[in-house]
Amino acid sequence: MLSVQGLTKSYGDLPVLEKIDLEVEEGAFCAIVGASGCGKSTFLRLLLGQEVPSSGEIALDGKILPPEPTPERGIVFQRYSVFPHLTARENLLLAHDFEGSPLLARAFGTRRADAEEMADALLERTGLANARDRFPAQLSGGMQQRLAIAQTLMKRPRLLLLDEPFGALDPGVRLEMHELLLELWREHGMTIFMVTHDLSEAFKLGTRVLTFDKVRHDPQFPNAYGATITYDLAADGSAFPDNLPKEDPDAESE
Ligand SMILES: Nc1ncnc2c1ncn2[C@@H]1O[C@H](COP(=O)(O)OP(=O)(O)OP(=O)(O)O)[C@@H](O)[C@H]1O
């Protein structure tokens, strides 16, 4: 579905990403891990169309991605993805309005009714039905992230990009969000790229774990080279530490 070839990105004379090649099948869940500053978010922005490659290309279904965001690609950031001056429900309706007509920015008639029905279904699905008329500041961190995900799903994206979506949440809330995300991923049949700093989260959620790192280092000039994908590991949740065989305290040591 998605094909990345020779993708390189530099900002001025700072190389960030170097010669990334990647083929991703429809419905994959790619978790992206790597050191801070190695270009993970830049890679997501390239997939979104917010950034243009310095060289190389990204193709969706064999067609080069246009250099601007389109409804088939949606992104959720760690924070502040939602509009603070709109209620939860208005946030979802605005997402739909922008998709339909960015200039007019308002849907009417049947399209409006469809949007309202979809917004209410998503609010219900993400456990926000009772909070539909509340503003983001009146929601917990977990609820705000559920709203951000629901807002992105309003556009029915085929490609969902998540940039550390659960990084600011408490561990218990994170676990709930994992369940919700896995359910939504299966229900909507999306292809997901998710940046995370949490390895266990990457292996638990991802069908593939992509690690970004530099293969070339110059100790004199640490910024001389960019990062690429150094490992592309198959994951099915079985490598998640919770699923590993527990050590048996009664077992005899050799
Ligand atoms: N618009 C920009 N202009 C110039 N440099 C940029 C720009 N965006 C990112 N960079 C630089 O590119 C490098 C990679 O940044 P990026 O945010 O992609 O890394 P990251 O792996 O997502 O980091 P983190 O894990 O800390 O979020 C950094 O050195 C950053 O300073």
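**Notebook: ligand shell, strands and a helix pair**

I began with the shell around the ligand and sorted its residues by class, which gave four nonpolar, six polar and one charged (Ala, Val, Leu, Ile, Met, Phe, Trp, Tyr, Cys and Pro count as nonpolar, Asp, Glu, Lys and Arg as charged, and the others, Gly among them, as polar). I note that this is a predicted model, in which local features need pLDDT of at least 70 and side-chain atom pairs count only at pLDDT 80 or more, while totals for chains, interfaces and linings use all residues. I number residues from 1 along each chain as its sequence is written.

I then listed the residues around the ligand, and they are Tyr 11, Leu 14, Val 16, Gly 34, Ser 36, Gly 37, Cys 38, Gly 39, Lys 40, Ser 41 and Thr 42, taking a residue as near if its C-beta atom, placed from the backbone, lies within 6 Å of the molecule. Two or more residues come from strand S2 (14-24) and from helix H1 (40-48), and H1 gives the most, with three residues. Here helices (H or I, at least four residues) and strands (E, at least two) are DSSP runs, numbered from the N terminus.

Next I followed the strands, where a pair needs at least two bridges found by DSSP. Strand S1 (residues 2-11) runs antiparallel to S2 and is joined to it by seven bridges, while five bridges join S1 to strand S4 (residues 55-60), also antiparallel. I looked up Ser 3, whose bridge partner in S2 is Glu 23, and which stands opposite Ala 59 in S4. The hairpin of S1 and S2 has two residues between the strands, and Gly 12 in the turn has a positive phi of about 60°. S4 and strand S5 (residues 63-64) are antiparallel with two bridges, and Leu 60 has Lys 63 as its bridge partner in S5. In that hairpin, which has two residues between the strands, Asp 61 takes a positive phi near 50°.

Last, I checked helix H4 (residues 141-153) against helix H5 (residues 171-188), which pack at an angle of about 15° with their axes 10 Å apart. That angle makes H4 roughly parallel to H5, a label for angles under 35 degrees. The contact, for which C-beta atoms placed from the backbone must lie within 7 Å, includes Ile 149 and Leu 153 of H4 and Leu 180 and Leu 184 of H5. I count its residues as six nonpolar, four polar and two charged.

Notes:
Axes are lines fitted to C-alpha atoms, for helices over the stretch in contact, and angles run from 0 to 180 degrees between N-to-C directions. Angles under 35 degrees count as roughly parallel, over 145 as roughly antiparallel, 65 to 115 as roughly perpendicular and the rest as oblique. Two residues are in contact if their C-beta atoms, placed from the backbone, lie within 7 Å.
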